[in-house]
Amino acid sequence: MTIDYPIWDGGAWREVPIPAMDGVGLVVPNVAAVVYRTGGRDEIVLQRRDKEGEPVRGRWEIPGGRWHAGEAAGDAVRREVKEETGLDVTWTSADGVRTEAAPGRPFDAARPEVIVAGLAGAYPALVVVFLAEVDGEPRALPGETRGPQWWPIAKAVALRDTDPGAFTGPTLGALRAVL
């Protein structure tokens, strides 16, 4: 079941269908990562959003995407970073503690850096942000990302503070909380 939800696309309000249960719109769970080089915290990976038809196409973002049902947080971060940048995660704060409430009923408990929730005018996403470390150079993956690159922290913070509209909303929220 879906319901129509109003979002601001940067130029006008438009209605988009979103998942619903019992007539109530649901948020879409996502994971994202502030990605550093292994052993260093002076650069992060930023990439341009490059999906056709999206109102945020062309804005800078951190790697992330939909969190699949049944997926541990660390596995979701590794998958999304690899899908969007081609990089293999060597460490992530998303690696949680697996517990079982009952035999065969596992849960993963992880501590995110920040949770960014889209509110009025934003797509109803819940973005759970972790840290990650990688080795290598990011590469663009057509239809996903454009121009992923290493950014010095000072450059990312300067853009964040002088031109916040250059970022997707969840990335702006994450960078304000983490950097």
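Gln47 stands opposite Glu61 in strand S6. This model is predicted: local features need pLDDT of at least 70, side-chain atom pairs count only at pLDDT 80 or more, and totals for chains, interfaces and linings use all residues. Residues are numbered from 1 along each chain as its sequence is written, and side-chain values use heavy atoms, leaving out hydrogens and water.

Me: How do I read the strand pairing here, and what is the order of the strands in the open sheet?

Reply: Strands of a sheet pair through backbone hydrogen bonds, either parallel or antiparallel. Strands are DSSP runs of E with at least two residues, and helices are runs of H or I with at least four, numbered from the N terminus; two strands pair if DSSP finds at least two bridges between them. Here the order is S6-S5-S13, with antiparallel pairing. S6 (60-61) and S13 (145-152) are at the edges with a single partner strand each, so one side of each lacks a neighbour in the sheet. S5 (residues 43-49) and S6 are joined by two bridges.

Me: At about what angle does helix H1 run to S5?

Reply: Axes are lines fitted to C-alpha atoms, for helices over the stretch in contact (heavy atoms within 4.5 Å), and angles run from 0 to 180 degrees between N-to-C directions. H1 (residues 73-85) lies across S5, S6 and S13, at about 65 degrees to S5. H2 also lies across S5, S6 and S13, at about 115 degrees to S13.

Me: Is Arg160 buried or exposed?

Reply: Buried means under 20% relative accessible area, exposed over 50%, partly exposed in between (1.4 Å probe, protein chains only). Arg160, in H2 (residues 153-162), is buried at 10%.
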